[in-house]
Amino acid sequence: MEIDEPEQATDSTEARVEPPRIRRLDESVVNRIAAGEVIQRPASAVKELVENSLDAGATSISVVVKDGGLKLIQVSDNGHGIRYEDLPILCERHTTSKLSTYEDLQTIKSMGFRGEALASMTYVGHVTVTTITEGQLHGYRVSYRDGVMEHEPRPCAAVRGTQIMVENLFYNMIARRKTLQSSSDDYPKIIDLISRFAVHNISVSFSCRKHGANRADVHTVASCSRLDAIRTVYGVSVARDLMEITTSDDNPARSIFKMDGFISNANYVAKKTTMILFINDRLVECTALKRAIEVVYSATLPKASKPFIYMLISLPSEHVDVNMHPTKREVSLLNQESLIETIQTAVESKLMNSNTSRTFQTQAVNSSVYTSQTSHISGKKDPENSAFSSGTSRTKSQKVPVHKMVRTDARDPFGRLHAYWQDGPASQHEKKSDLASVRNAVRLRRNPKESADLTSIHELLGDIDSNVHSGLLDIVKNCTYVGLADEVFALLQHNTHLYLMNVVSVSKELMYQQAIRRFSHFNAIQLSEPAPLQELLMMALKEEDLESVDDDNDDLKQKIAEVNIELLKQKAEMLDELFCIHIDQEGNLTRLPVILDQHTPDMDYVPEFLLSLGNDVDWENEKECFQTISAVLGNFYAIHPPVLPNPFGSGIQFYKKRREASPTKDLGNESANPEDVGEDDVDHELLAEAETAWAQREWTIQHVLFPSMRLFLKPSKSMATNGTFVQVASLEKLYRIFERC
């Protein structure tokens, strides 16, 4: 029997694969590979060319793009130009005028330094250079391919500076060109790039347009300030919501740098972050810094608002390694973690100090436009909904009867919004709250079900939801503000019906519901000076008993005030934690809650509020306690008529100056006609104060109460029957009356 093992061993030896040989690549292959790393897309080529123009001292840079940069990229500048004798080696790899030794990288200040950009473009595109230097009678034009001149420089007419054209980019890289075929994809990147350069280089004018277009998509002129540049490039809507920010550190153990720039405030709204970062005047990206700032914004502002950020960080050249990335998009910083932490803290502090008000921009509604809506009252009368039950019927596009045409635009749910009131600045210890606690507070605010974890609060919210009047809810959500009827009632329109609404009752219910919803997660209104409870309670007690002048009653009031003060001081911790009502150990009121954003209560009612807080709250039962405190807050924050009488109409009589009555005058003159009151008879200072108070109340009703009511109020069933809402007119019925006439 033969043995085959040795033959098998021989076969396996013969089948063994030899390792591949290492070969030296052809220089053209090497250059093309390197070019693909440096010029990754058309925007990369534009960035390199613009940086070269800035290094050349240009004050005007123009960019023209065709087909997203694949067909043509043309960058023209008015810099110092290129010497004639340098043109032969202009597009060779590693030829540069910006450094001569490796040590020069430690102090490099120019944006270019490798001498690879132009060379890389010639390996993936067709490059033509036209240039003229100062003092020359004419310029020169020369074309390049694969790093060398295609012909000798030819004399030509030229304007000061240099113009570089890159045509047919990636013509020899089929896969790369196919992935970039969509011109609509890369042109916005080029626009964004030029916009960033324009914001930073305020002494340089930029323009960028599509080939053949008459109008540039970006056009800036040298401006006097950074904010003007941002306003020109990104628009007024961005610039008006920016805050200037500066910070620095000169501790060698941590970091040495200086940062200044602009960041968006609480009013700025965007779907994505815009971060313009320059380090030592070099446009770069820093993912760690961007993420750190986004964390601050997501933790401090509602709905994780995306910020707009412009930052210029200046630090010693030896602390920056610019030779990190093929496209110089990223740099490495010494003590980067410490630098980022310092900037993050500065942004957080600036943002929290500014987060005291929000401004909402609106469009004016053309009142001459008619909007037609059809409505009907259910034929089956429901005692619960009565006249307030309504619905909209879907009809075909047919002519609407005149008596059912609504003049005002009922689709505008917010009215005309203007700048809202600003709350007082937060206290010092709130400003310094750590990021983790702020993030947790915002999370709870976005998820009210998590914050309201007490059973009693869930029950109170359930009571509000179960007691909603559906007909009134539709009216409240879709009504239009008409105006004030008197000191208490406002007129509103819903479809073809006109209603009177009790402002005090509605605002009281709205504030009560908001106090329940924001339970334990209020923002704060800081009083400018501590308000002593003793004086305020005595004022409230004396106001209740104005007719009494007995000293014994004063002693009794004093005792009542002391008892209430002691009670409120005992409950101070609970009031502060759950309702943001802060009472210090000395018996002073220092802070109040924000019940409704952009609304500040009338401080004339503080004495009455504190007295009610001491007397009207059920402190024994948890649910009743929270309910009564919320009711007291609702009454305090409700929009009451001002303490000063209404100065309009006959009310001006209250502002007559007191003087000795003449015996010859008739006593009946005390109730004289308002028109008989002369200017000299009126206390103008008090009158001006009253006019301001009443005008402010009317503004608050229209611009704060009504928009908030549409968003948040859930009207109770009792409001349909207790006179809070009263229907006063119906367009259909008015037409019937006029038809009879």
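How many bridges join strand 12 to strand 13 (residues 282–284), and do these strands run parallel or antiparallel? Three bridges join strand 12 to strand 13, and the two strands run antiparallel. This briefing concerns a predicted model, in which local features need pLDDT of at least 70 and side-chain atom pairs count only at pLDDT 80 or more, while totals for chains, interfaces and linings use all residues. Residues are numbered from 1 along each chain as its sequence is written, and side-chain values use heavy atoms, with hydrogens and water left out.

- Helices (H or I, at least four residues) and strands (E, at least two) are DSSP runs, numbered from the N terminus.
- Two strands are taken to pair if DSSP finds at least two bridges between them.
- Strand 12 is joined to strand 14 (residues 308–314) by six bridges, and this pair runs parallel.
- Ile-279 has Ile-313 as its bridge partner in strand 14, whereas Phe-278 has Leu-283 as its bridge partner in strand 13.
- The hairpin of strand 12 and strand 13 has two residues between the strands, and Asn-280 takes a positive phi near 50 degrees there.
- Six of the six residues of strand 12 are buried, where buried means under 20% relative accessible area, exposed over 50%, and partly exposed in between (1.4 Å probe, protein chains only).
- Cover extends to both faces of strand 12: Thr-274, Ile-276 and Phe-278 are buried on one side, and Met-275, Leu-277 and Ile-279 are buried on the other.

**Salt bridges**

- The whole structure contains 11 salt bridges, each defined as a side-chain nitrogen of Lys or Arg within 4 Å of a carboxyl oxygen of Asp or Glu.
- Glu-459 and Lys-623 form a salt bridge through their side chains (3.6 Å, N to O).
- Because Glu-459 lies in helix 14 (residues 455–466) and Lys-623 in helix 21 (residues 622–637), this pair ties together parts that are 164 residues apart in sequence.
- Glu-459 is partly exposed at 37% relative accessibility, and Lys-623 is partly exposed at 23%.
- A network of salt bridges links Glu-459, Asp-463 and Lys-623.
- Asp-576 and Arg-591 meet in a salt bridge (3.0 Å, N to O).
- This pair links distant parts of the chain, with Asp-576 in helix 19 (residues 572–579) and Arg-591 in strand 26 (residues 588–593), 15 residues apart.
- Arg-591 is buried, with a relative accessible area of 7%, whereas Asp-576 is partly exposed, with 24%.
- Another salt bridge brings together the side chains of Arg-145 and Glu-150 (3.4 Å, N to O).
- Arg-145 is partly exposed at a relative accessible area of 33%, and Glu-150 is partly exposed at 46%.

**Charged surface patches**

- Patches of charge consist of residues with over 30% relative accessible area and no salt bridge, like charges being joined within 9 Å.
- Lys-189, Lys-272, Lys-290 and Lys-306 gather in a surface patch of positive charge.
- Lys-272 is found in the loop between strand 11 (255–264) and strand 12 (274–279), and this lysine is exposed, with a relative accessible area of 63%.
- Asp-604, Asp-683, Glu-685 and Glu-689 form a negative surface patch.
- Glu-685 has its place in helix 22 (residues 684–712) and counts as exposed at 67% relative accessibility.

Definitions and conventions: Patches are made of residues with over 30% relative accessible area and no salt bridge: like charges are joined within 9 Å, nonpolar side chains (Val, Leu, Ile, Met, Phe, Trp, Tyr) within 5 Å. Accessible areas come from the Shrake-Rupley method with a 1.4 Å probe; for residues, only the protein chains shown count as cover. Lys and Arg count as positive and Asp and Glu as negative; His and the chain ends are not counted. The place of a charge is taken as NZ of Lys, CZ of Arg, CG of Asp or CD of Glu.
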